[in-house]
Amino acid sequence: MKLLVTGGQGMVGSAVEGKNDEIIHLSRDNCNLLNKKQTHRLFSQLKPDGVIHCAGKVGGIGGNSNFKGEYFYNNLLINTNVIEASRLAGVKRLVAYLSTCVFPDNVTYPLTIDQIHTGEPHSSNYPYAYAKRMADVQIRAYREQYGLNYTSIIPSNIYGPNDNFNLDHGHVMPMLIHKLYLAKKNNTDFTVWGSGKPLREFIYSKDIAKISKWILENYEGTDPLIISGDEEVSIKDLVDLLVQEFNFKGNVIFDSTKPDGQYKKPSDNSKIKELLPNFEYTPFEKGIKETVNWFIENYENARK
Ligand code: GDP
């Protein structure tokens, strides 16, 4: 299978691999996905059999709060261009990445896909969430009008090597790893945002990359698939694991002036469990160890 991965240098995209496939990892240097002409030209030249669409403007609670306009515009355009370029290039199968942010703030837990469009997303990330919701709309519409086997994935908090370790706009895992690395090196306090009470489900990038490829090749359904770890972990528990991993002996400070965001977002991952009952998920401690080691070894070149 000739497979095109957008966001191919990113955390998930770079983890997509396959022995018997030709995999093209697209980066922003190869193509500006905001540019319709460039995107359409490249997809028509490459004519891939399948597309795993990971590219997007993403960030954690900081990025989402500070760059609301940019996050809306970039994600809406990138998704629209990639999905339409795929259709025009004759791509038969496509998997796009959404996010659990797409769900309404006022939702019934666990998150289930029938609730995606039922209310306003959380105020901290509504532009990003609406842009991502539109990818679901576009995919459903293309399926109905053009009969294309396109679908999407809704992942919980993904973590792993090649993440964005930026200290202002990253997600919780890479930011905490970077902050701890610096606190340990400089003998300073380690500051965590919020109360530490919120709960999140984490999934390792290498696991979700494998699952995405399986979905691309095998899934025939219309509905997006929720992919998440089984366990809800509090930010405080995550902090404890990381402190242990770094063997950090300094002060840990919870900064209550920073936002907690949504308190929790447990999700219903029963569908993928049913489809892939024997998939072996990487244990959380092992995934954390690999990610921390990767960051330390690649500190100079890591995105940050
Ligand atoms: P979310 O899952 O979409 O809310 O995105 P994040 O990964 O950014 O944040 C998850 C949770 O981690 C929130 O409750 C934050 O308050 C908390 N958190 C604690 N420290 C940090 C930090 O340094 N960066 C980020 N992004 N979140 C942090």
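Around the ligand sit 17 residues, with Val 172, Lys 179, Arg 200, Pro 259 and Asp 260 the closest; a residue makes the list if one of its heavy atoms lies within 4 Å of the molecule. This is a predicted model, where local features need pLDDT of at least 70 and side-chain atom pairs count only at pLDDT 80 or more, while totals for chains, interfaces and linings use all residues. Residues are numbered from 1 along each chain as its sequence is written, and side-chain values use heavy atoms, with hydrogens and water left out.

**Ligand contacts**

- Arg 200 puts a polar side-chain atom 2.7 Å from a ligand oxygen.
- Lys 179 does likewise at 2.8 Å.
- For Asn 157, a side-chain N or O atom is 3.3 Å from an oxygen atom of the ligand; polar contacts here are pairs of N or O atoms within 3.5 Å.
- On its own the ligand exposes 530 Å², and the protein buries 97% of that (Shrake-Rupley areas, 1.4 Å probe).

**Who lines the shell**

- Helix 5 and strand 7 are the elements that give two or more residues to the shell; helices (H or I, at least four residues) and strands (E, at least two) are DSSP runs, numbered from the N terminus.
- Helix 5 has the largest share, four residues.
- By type, the shell splits into nine nonpolar, four polar and four charged residues. Nonpolar covers Ala, Val, Leu, Ile, Met, Phe, Trp, Tyr, Cys and Pro, charged covers Asp, Glu, Lys and Arg, and the others, Gly among them, are polar.

**Helix 5 itself**

**Two other residues**

- Asn 293 belongs to helix 9 and counts as partly exposed because its relative accessibility is 34%.
- Asn 293 and Phe 246 are 47 residues apart in sequence, yet 9.7 Å apart C-alpha to C-alpha.
- His 40, in helix 1 (residues 36-46), is buried at 16%.
- Leaving out residues up to four places away in sequence, His 40 touches Asn 81, Glu 84, Ala 85 and Leu 88.

Note on methods:
A polar contact is a pair of N or O atoms within 3.5 Å; within protein, one must be able to donate a hydrogen and the other to accept it, and residues adjacent in sequence count only if both atoms are side-chain atoms. Buried means under 20% relative accessible area, exposed over 50%, partly exposed in between (1.4 Å probe, protein chains only). Contact means heavy atoms within 4.5 Å.
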